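Subject: Model for you to look at

Hello,

Here is the structure I promised to pass on. Please open it alongside this note; my findings follow below.

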Amino acid sequence: PTIHYTDDTGTTVDVTAKPGDSVMETAVRNGVTGIVAECGGSLSCATCHVFIQEDQVEDLPPMSEMEDEMLYGTAVDREDCSRLSCQIKVTEDMDLHVTTPETQV
Ligand code: FES
C-alpha cells in the first residue's frame with residue numbers, strides 16, 4: 001500500500017505503508033510533517049486532520065460518530081472530505097491521496 005501526503009504548499013511525499021497501521025501512524029513513523037497526532041491515536045486531539053482526495057472519500061469505511069464530533073474541533077475548518085487520519089486503517093491494496101491542512105494546532 002502507498003499513502004501520498006501532500007502538504008498545503010503542494011509538496012507530496014509518497015510512503016509505503018504497512019497494512020493495519022493507521023494513516024496517522026504511517027505519517028509519524030516516516031517523518032511526514034503536517035500531522036501532529038498529539039493524542040497518539042486515541043481520538044481526543046483532532047491534530048491528525050487530513051483532507052481525503054475527493055474521489056476516494058467513498059472508498060473508505062464511514063467515520064464513527066465520535067470522529068465526526070471531533071472533526072468540529074480541528075484547527076483548520078473541516079470540509080466534506082475531512083477525516084482524522086488515526087481512524088483510517090491502511091489496507092493491502094490502498095493507494096490513498098491525502099492533503100494535510102496548513103496547521104494542526
Ligand atoms: Fe489524536 Fe487522531 S491522533 S485524534
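Leaving aside its neighbours within four places in sequence, which residues is Ile-3 in contact with? The contacts are Val-15, Ala-17, Val-23, Thr-26, Leu-96 and Val-98.

A word on confidence. This is a predicted model. The chain has an average pLDDT of 98, and 100% of the residues reach at least 70. The ipTM is 0.99 and the pTM is 0.97.

Now the core. The largest nonpolar core holds 20 residues. Those that touch the most other members are Ile-3, Val-23, Met-24, Ile-35, Cys-48, Val-50 and Val-98. At least two core residues come from each of strand 1 (2-6), helix 1 (23-29), strand 3 (49-52) and strand 5 (95-99).

Which of its residues lie on the covered face, and which on the uncovered one? Ile-3 and Tyr-5 make up the covered face of strand 1. Thr-2, His-4 and Thr-6 make up the uncovered face.

Strand 1 also pairs with two other strands:

- Strand 2 (residues 12-16) runs antiparallel to strand 1, joined by 5 bridges. Tyr-5 has Val-13 as its bridge partner there.

To recap, Ile-3 sits on the covered face of strand 1 and is in contact with Val-23 and Val-98, among others.

Best wishes

Key: Residues numbered from 1 in each chain as written. Predicted model: local features only at pLDDT ≥ 70, side-chain atom pairs only at ≥ 80, totals over all residues. Core = buried A, V, L, I, M, F, W, Y, C linked by C-beta atoms within 7 Å. Buried ≥ 20, exposed ≤ 12 C-beta atoms within 10 Å, placed from the backbone. Helix = DSSP H or I, 4+ residues; strand = E, 2+ residues; numbered from the N terminus. Contact = placed C-beta atoms within 7 Å. pLDDT = per-residue confidence, 0-100. Pairing = 2+ DSSP bridges.
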